[in-house]
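I opened this notebook to record what I looked up in the model shown below. The entries follow the order in which I consulted it.

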Amino acid sequence: MKQKKNTSYKTKAWIIILLLPITITVYILLIIGWKELQRIPVVMEWAESIHLKSFSQEKLDIPEEYITIYKEAEEIYGVPWTLLAAHHRMETIFSTMDPLLSPVGAEGHMQFMPCTFVGWSHPSCSGLGQGDIPEKDKVNPEIIAEYGGYGVDANKDGVADPYDIEDAIFSAANYLAASGAADGELEKAIFNYNRSDKYVEDVLYFYHLYESQLEALQSASALQTGKKDGL
């Protein structure tokens, strides 16, 4: 019985040894064959259509209505608009948080502490930055300029309001630029925005995600343009 078992193992081993070169040969022939097939115009067009289809399925995980505002803020402050989107995603999940007020007092679409928005030199500012600032002063551009805050009246309506989406995003861009983001010091700027290593890690995750999605969309657009132009 043992002899038959040993014979069976030896037979299987010899079969594997004999089949291995055949398998490798077939694999190589398949690679060569596919390369040759790709030179056939019909096959080339089919492969290209699949490639374009995969790119066309790429999308930005960012609400479209905010992208123009991010880009306008980038033009003025030099902060990557995808970084602004990442902060917006982290702070209020693109303004879907209700209410737009945190338990510690951070306000608006981009969650500014009042003292950061109005200015830490305000006499009531200390601690976490809630301050005791009158509501009318919180949104007054002249008061903000006086106390060195980062609040911005982006839409030129006479108030700098953290609950206004344009004002909030421009104010965030202003703060991030002053913290180094416009000069490429992203980690430093993100940490200044919220002093947590985990926060930095999370914002960078979304920033790199949006950058990669944007790159894929740009590649798809370039391929489609090249195809239309017959390139």
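This is a predicted model: local features need pLDDT of at least 70, side-chain atom pairs count only at pLDDT 80 or more; totals for chains, interfaces and linings use all residues.

Which hand does the crossing of H4 and H8 have?

**Entry 1: H4 and H8**

I found the crossing of H4 and H8 to be right-handed. Helix H8 covers residues 165–178, and I read a packing angle of about 115° between H4 and H8, with the axes 11 Å apart. The two helices are therefore roughly perpendicular to each other. I then listed the residues that meet: Leu84, His87 and His88 on the H4 side, and Ile165, Ile169, Ala172, Ala173 and Leu176 on the H8 side. By class, I recorded six nonpolar and two polar residues in this contact, and no charged ones.

**Entry 2: H4 and H3**

I turned next to helix H3, residues 64–77, which packs against H4 at an angle of about 125°, with the axes 8 Å apart. That angle makes H3 oblique to H4. The crossing of H3 and H4 is again one I recorded as right-handed. From H3, the contact takes Tyr66, Ile67, Tyr70, Lys71, Ala73 and Glu74; from H4, it takes Trp81, Leu84, Ala85 and His88. I counted the contact of H3 with H4 by class as seven nonpolar residues, one polar and two charged.

**Entry 3: H4 and H9**

I looked up H4 (residues 81–92) against helix H9 (residues 186–193), and their axes come within 12 Å and cross at roughly 30°. H4 and H9 are therefore roughly parallel to each other. I recorded the crossing of H4 and H9 as right-handed. The residues in contact are Leu83, His87 and Glu91 of H4 with Leu186, Ile190 and Tyr193 of H9. They divide into four nonpolar, one polar and one charged.

Phe94 has a positive phi of about 55°, although it is not a glycine. The peptide bond from Asp98 to Pro99 is cis, and I read its omega as near 5°. I marked both features for the record because most residues other than glycine have a negative phi, and most peptide bonds are trans.

**Entry 4: the largest pocket**

How many residues line the largest pocket? I found 16 lining residues, and those nearest the pocket's centre are Met113, Thr116, Leu128, Tyr193 and Asn194. The volume of the largest pocket is about 490 Å³. Its lining has nine nonpolar residues, five polar and two charged.

Notes:
Residues are numbered from 1 along each chain as its sequence is written. Side-chain values use heavy atoms; hydrogens and water are left out. Axes are lines fitted to C-alpha atoms, for helices over the stretch in contact, and angles run from 0 to 180 degrees between N-to-C directions. Helices (H or I, at least four residues) and strands (E, at least two) are DSSP runs, numbered from the N terminus. Angles under 35 degrees count as roughly parallel, over 145 as roughly antiparallel, 65 to 115 as roughly perpendicular and the rest as oblique. A crossing is left-handed if the near helix is turned anticlockwise from the far one by less than a right angle, and right-handed if clockwise. Contact means heavy atoms within 4.5 Å. Ala, Val, Leu, Ile, Met, Phe, Trp, Tyr, Cys and Pro count as nonpolar, Asp, Glu, Lys and Arg as charged, and the others, Gly among them, as polar. On a 1 Å grid over the protein atoms alone, a cavity is a set of points where a 1.4 Å probe fits but cannot get out, and a pocket is an open set with protein on both sides within 12 Å along at least five of seven lines; lining residues have an atom within 4 Å of a point. Grid points are joined across faces, edges and corners, and a volume is the space filled by probe spheres set on the points.
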